[in-house]
Amino acid sequence: MTPKEVVQKGYEYFATGDMTGMRSIMDENATVKNNGMHKFSKTYKGADSFINDFIAHIPSHFGNFKVEPVKMIAEGEYVFVMSRGTTDQKEADFGHFFKIENEKIKVNNWNILKSII
């Protein structure tokens with residue numbers, strides 16, 4: 001898979017709740033940084049931490065959370081995604097930056113670009 005295809009798979013796995021699939025495309029030492037000043041702002045080390053300490057808690061904090069890619073820009077091993085997140089209460093625009101190595105997500109930085117309450 002190309003780096004862009006790996007990232008596209010990640011969004012598909014997230015949308016369907018397929019965490020086994022998500023783990024399969026993440027490097028065992030992946031670093032996921034969730035920027036901002038909120039409860040989940042921190043650096044997660046490895047797929048298990050990202051899934052268990054972040055993704056697993058989203059439903060209890062954000063009803064019907066969905067993230068859809070708006071635009072993907074890929075060059076070499078890097079992919080940047082502009083995405084739109086929605087919940088029952090809020091909407092937000094995100095910038096997600098990925099580094100892919102050996103068809104696995106090695107680095108993923110999440111940034112909230114704009115939040116609409």
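**Burial, ring pairs and the nonpolar core**

User: Where is the place of aspartate 27?

Analyst: Aspartate 27 lies in strand β1, a strand being a DSSP run of E of at least two residues and a helix a run of H or I of at least four, both numbered from the N terminus. The model is predicted, so local features need pLDDT of at least 70 and side-chain atom pairs pLDDT 80 or more, while totals for chains, interfaces and linings use all residues. Residues are numbered from 1 along each chain as its sequence is written, and side-chain values use heavy atoms, without hydrogens and water.

User: Why does aspartate 27 count as buried?

Analyst: Its relative accessibility is 18%. Buried means under 20% relative accessible area, exposed over 50%, and partly exposed in between (1.4 Å probe, protein chains only). At 18%, aspartate 27 is therefore buried.

User: What is aspartate 27 in contact with, leaving aside neighbours within four places in sequence?

Analyst: Ala47, Lys104, Ile105 and Lys106, contact meaning heavy atoms within 4.5 Å. The side chains of aspartate 27 and lysine 106 are also joined by a polar contact of 3.4 Å. That term asks for N or O atoms within 3.5 Å, one able to donate a hydrogen and the other to accept it within protein, with sequence-adjacent residues counted only if both atoms are side-chain atoms.

User: How many aromatic pairs does the structure hold?

Analyst: Eight.

User: Why is the pair of phenylalanine 40 and phenylalanine 62 called tilted?

Analyst: The ring centres are 6.5 Å apart and the planes stand at 55°, so the pair is tilted. Rings of Phe, Tyr and Trp (its six-membered ring) pair with centres within 6.5 Å; planes under 30 degrees apart are stacked, over 60 edge-to-face, the rest tilted. Phenylalanine 40 sits in the loop between β1 (26–34) and β2 (42–45), and phenylalanine 62, 22 residues away, in the loop between α4 (58–61) and β3 (66–75). Phenylalanine 62 also forms a tilted pair with phenylalanine 65, at 6.2 Å and 45°.

User: How do you know whether phenylalanine 40 is buried or exposed?

Analyst: Its relative accessible area is 6%, so phenylalanine 40 is buried. Phenylalanine 62, at 27%, is partly exposed.

User: Which residues have the most contacts inside the largest nonpolar core?

Analyst: Val7, Met26, Phe50, Phe54 and Phe98, in a core of 27 residues. Such a core is a set of buried Ala, Val, Leu, Ile, Met, Phe, Trp, Tyr and Cys residues joined through side-chain atoms within 4.5 Å. α1 gives the most to this core, with five residues. Leaving aside neighbours within four places in sequence, phenylalanine 50 is in contact with Met26, Val32, Tyr44, Ile55 and Trp110.

User: Why does glutamate 103 count as partly exposed?

Analyst: Its relative accessibility is 41%, so glutamate 103 is partly exposed. Glutamate 103 lies in the loop between β5 and β6, and has a positive phi of about 60° although not a glycine.
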